[in-house]
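This report treats one protein chain, first at a single site and then as a whole. The sequence and the model are shown below.

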Amino acid sequence: MIYDNPGTTHFAFTDELYARLARLPRVASLKIPPLPADPARARARVEHLRRLLPAAVTIGTSGDAAAARGLNAGCDAWYSVIGGTFPEPALALTRAAQAGRHRQALEESRRLEPLWDLFARHGSLRVVAAAAAHLGLTARRNLPLPLRGLNAEERARLVTVVEQLRLHT
């Protein structure tokens with residue numbers, strides 16, 4: 001997979017680089033950053049990328065808060081942070097988009113706004129790690145060093161969000 005994460009890497013892939021890398025053997029997918037908020041621009045971006053990539057290479061969206069936007073625009077996949085910990089809302093959003101129920105997919109995403117807000121504030125990895133610990137899926141300290149988990153106040157806010165949204169494994 002070609003994983004384009006400019007927020008973390010501070011490196012911007014060009015479309016030419018996507019096309020060159022996608023022609024390498026065993027490259028099966030391109031994980032792109034969140035698409036524009038405008039649906040027409042988002043769809044145009046996905047269509048443009050499809051013209052550049054080999055037919056066998058899928059396009060996946062990242063950034064859970066923007067997943068509905070990417071799936072509605074025609075991405076083949078959502079490389080989700082929440083999918084393994086909270087599969088039900090991830091499936092509901094994905095299935096709505098795949099069925100062409102774009103408004104429902106956006107509504108599913110809007111329902112999760114409090115979780116997306118925590119992601120924006122603390123990083124999705126740290127939030128999902130704390131959620132997994134809260135649900136008893138992992139030990140409380142579950143991040144590799146030197147990563148630090150949420151502090152007590154941040155964990156309490158996460159627990160409130162998980163309960164309010166009725167998120168389960």
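Which residues does asparagine 72 touch, not counting residues up to four places away in sequence? In this predicted model, asparagine 72 is in contact with Arg43, Ala97, His102, Ala105 and Leu106.

Asparagine 72 belongs to helix α4, which covers residues 67–72. Its relative accessibility is 10%, and because buried means under 20%, asparagine 72 counts as buried. Among its contact partners is His102; a polar atom of the asparagine 72 side chain lies 3.2 Å from the backbone oxygen of histidine 102.

The chain as a whole contains nine helices and four strands. Along the sequence, these elements follow the pattern β-α-α-β-α-β-α-β-α-α-α-α-α. Of the contacts in the chain with a separation of 6 or more, 59% are accounted for by residues 24 or more positions apart.

Overall values for the chain are collected here.

| Property of the chain | Value |
|---|---|
| Span of the C-alpha trace along the principal axes | about 45 × 40 × 25 Å |
| Radius of gyration | 17 Å |
| Distance between the centres of positive and negative side chains | 3 Å |

For 169 residues, a compact globule would have a radius of gyration near 15 Å, so the 17 Å of the chain agrees with that expectation. Of the 169 residues, 37% count as buried. The charged side chains comprise 23 positive and 15 negative ones.

Note on methods: Residues are numbered from 1 along each chain as its sequence is written. This is a predicted model: local features need pLDDT of at least 70, side-chain atom pairs count only at pLDDT 80 or more; totals for chains, interfaces and linings use all residues. Side-chain values use heavy atoms; hydrogens and water are left out. Helices (H or I, at least four residues) and strands (E, at least two) are DSSP runs, numbered from the N terminus. Buried means under 20% relative accessible area, exposed over 50%, partly exposed in between (1.4 Å probe, protein chains only). A polar contact is a pair of N or O atoms within 3.5 Å; within protein, one must be able to donate a hydrogen and the other to accept it, and residues adjacent in sequence count only if both atoms are side-chain atoms. Contact means heavy atoms within 4.5 Å. The radius of gyration is taken over C-alpha atoms; the globule rule is 2.2 Å times the number of residues to the power 0.38. Lys and Arg count as positive and Asp and Glu as negative; His and the chain ends are not counted. The place of a charge is taken as NZ of Lys, CZ of Arg, CG of Asp or CD of Glu.
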